[in-house]
Amino acid sequence: MKPYRSHYSKDVTTEDHGKTITVAGWVEDIRNIGSIAFIILRDKKGTLQVTALKKECLELFEKLINIPRESVIAVNGLCKKSDKARNDYEVIPKEVEVLSISETPLPLGVVDKVESELDTRLDNRFIDLRKQDIQAIFKIRNKVIAAVHEYLRSENFFEVHTPNIIASSSEGGTEVFKLKYFEKSAFLAQSPQLYKQMLMATGLDRVYEIAWYFRAEEHNTRRHLNESTAVDLEMAFINSEEDVMKILEGLVYSMWKRADECNEELDILGKKVVVPTLPFKRVIYDDVIKKLNKKGSEIKWGEDLGSEEEKLLGDIMKKEGHDFYFITKYPIEAKPFYTMPEKDKYSRGFDLECKGVEIASGSQRIHNVELLKKRINACNLNSKDFESYLKAFRYGMPPHGGFGFGIERFLMELLDIKNIRECILFPRDRTRLTP
Ligand code: AMO
């Protein structure tokens, strides 16, 4: 049969009625009522009905009713208007080609009413992803990423791809995956941090990357992955971190707005999206600590917010009418070595929170090489490990800053998904390395 597919399930129009078309996909269900069989065929865009009449095509009828569910078939047949069929039409088969027979039983049902355990679903992710609600999450992700490219390009950003196998840890700390690189040891990049900053010394001015983060964090939580993705960005000639925050809130707004336009997927998921209004509230770190202490939290000045404190702050801010808010002017000791200090104990680092969850963090960076070395040492890191990075600061480096915005965290908050593993195709966590 050539081609296997002339139409997707949802692409048939009134003009196709009475014509011969070919459709292809997975056999979701077979209902055989004796003289007639209804085969529900599923493809990327939805489902359609293939109707086989026993008395008109006995051989085809027998072939179709014996195909195991989830097998892949292509059907060539007559497209016919039908009030009873799902998309107002059905296909009366003339020819059926079985392209792949599914084994039975299935390790996971596709249209079953019973909810399966997340682990069973992730173990059989290729089947899990056949479900229309699970696909809807990734269809929204796909559309929103398109909005990221559109927005950032309209703001004169340049897409880059930086190395993931690197010689020194990008964020400092111990949460790095170490690997053997021929005679040397190497690390998987925790983020593109060092490279996007080095690019600020090239004159490219504004760069972004849809980046992979590899983090050897031991804890297994509902909002941490060991391999995650982010919109990672850096911009030069800024006056302060405020310039970076403006781009970040513009980006978040564009992404939420694009998500709000995904009507079909949102309907499938039964979700509503509330597009935020700009600008987002800015709260300085000192006030955050005061607000938290007032509500009984024992967090001390200088500490970073843990998930408990973030949640409490989320509730406080919600009452004040803010789902989105920046926490600004962090203490320097709570931020990574590349963060620009301000006065003696503060920094130009910020986090963007959404309903009690950190979705992005960023800062103005240090662009003076001597100060940068000082901060590397103060963070108990060895500046020798950062020589090739530091070199980029010695021959003309403009003031700059940027942020990292977690794509899975964004999806969790956008669609109110409780476990971050649902927001990435093949999650990597403390115990999961397959599939
Ligand atoms: P940070 O480490 O805060 O900053 O990460 C930025 C954003 O990435 C997401 N994120 C994660 N998502 C899931 N699982 C994880 N383990 C995980 N770790 C981080 C979060 C977080 O806000 N280089 C800086 C960014 C910058 O300053 O440009 C950085 O990596 O949404």
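Select Glu249 and Arg282. They form a salt bridge, with the closest N and O atoms 2.8 Å apart; the term means a side-chain nitrogen of Lys or Arg within 4 Å of a carboxyl oxygen of Asp or Glu. The pair links distant parts of the chain: Glu249 sits in helix H6 (residues 241-260) and Arg282 in strand S12 (residues 281-284), 33 residues apart. Helices (H or I, at least four residues) and strands (E, at least two) are DSSP runs, numbered from the N terminus.

Is Glu249 buried or exposed? Glu249 counts as buried because its relative accessibility is 5%. Arg282, at 25%, counts as partly exposed. Buried means under 20% relative accessible area, exposed over 50%, and partly exposed in between (1.4 Å probe, protein chains only).

A word on the source. This is a predicted model, in which local features need pLDDT of at least 70 and side-chain atom pairs count only at pLDDT 80 or more, while totals for chains, interfaces and linings use all residues. Residues are numbered from 1 along each chain as its sequence is written, and side-chain values use heavy atoms, with hydrogens and water left out.

Select Glu70 and Arg130. Their side chains meet in a salt bridge (2.8 Å, N to O). Glu70 lies in the loop between helix H1 (58-65) and strand S4 (72-81), and Arg130 in the loop between helix H3 (125-128) and helix H4 (132-154), so the pair ties together parts that are 60 residues apart in sequence. Both Glu70 and Arg130 are buried.

Next, pick Lys196 and Glu234. Here too the side chains form a salt bridge, at 3.5 Å from N to O. Lys196 is in helix H5 (residues 193-198) and Glu234 in strand S11 (residues 227-236), distant parts of the chain 38 residues apart. Lys196 and Glu234 are both buried.

How many salt bridges does a search of the whole structure find? The search finds 36.

**The sheet**

Now switch to a cartoon view. Look for an open sheet of 8 strands, in the order S6-S10-S11-S18-S17-S16-S13-S12, with mixed pairing. Strand S6 (158-159) and S12 stand at the edges with a single partner strand each, so one side of each is left without a neighbour in the sheet. Two strands pair if DSSP finds at least two bridges between them.

Select strand S10 (residues 206-214) and S11. They run antiparallel and are joined by 9 bridges. Trp212 has Thr229 in S11 as its bridge partner.

Move to S13. S12 and S13 run parallel, joined by 4 bridges. S13 and S16 pair in the antiparallel sense, also over 4 bridges. Pick Ile327 in S13: Ile327 is the bridge partner of Val283, and Asp351 in S16 is the bridge partner of Ile327.

Colour S13 by burial. Of its 5 residues, 5 are buried. In a regular strand the side chains alternate between the two faces of the sheet. On one side of S13 are Phe324, Phe326 and Thr328, on the other Tyr325 and Ile327, and all are buried.

**Helices across the sheet**

Go back to H6. This helix lies across S10, S11, S12, strand S13 (324-328), strand S16 (349-354), strand S17 (357-364) and strand S18 (400-406), at about 30 degrees to S18. Helix H9 (residues 307-319) lies across S12, S13, S16 and S17, at about 120 degrees to S13. Axes are lines fitted to C-alpha atoms, for helices over the stretch in contact (heavy atoms within 4.5 Å), and angles run from 0 to 180 degrees between N-to-C directions.

**The ligand**

Select the ligand. Which residues come nearest? Of the 24 residues around the ligand, they are Glu171, Gln193, Arg215, Glu358 and Ser361. A residue counts as near with a heavy atom within 4 Å.

Show the polar side-chain atoms facing ligand oxygen atoms. For Arg215 the distance is 2.6 Å, for Glu358 2.4 Å and for Arg365 2.7 Å.

Last, click Gln193, in helix H5. At 4% relative accessibility, Gln193 counts as buried. Beyond its neighbours within four places in sequence, Gln193 is in contact with Ser170, Glu171, Glu234, Tyr338 and Arg365.

Terms used
Polar contact = N/O pair within 3.5 Å; in protein donor to acceptor, adjacent residues only side chain to side chain.
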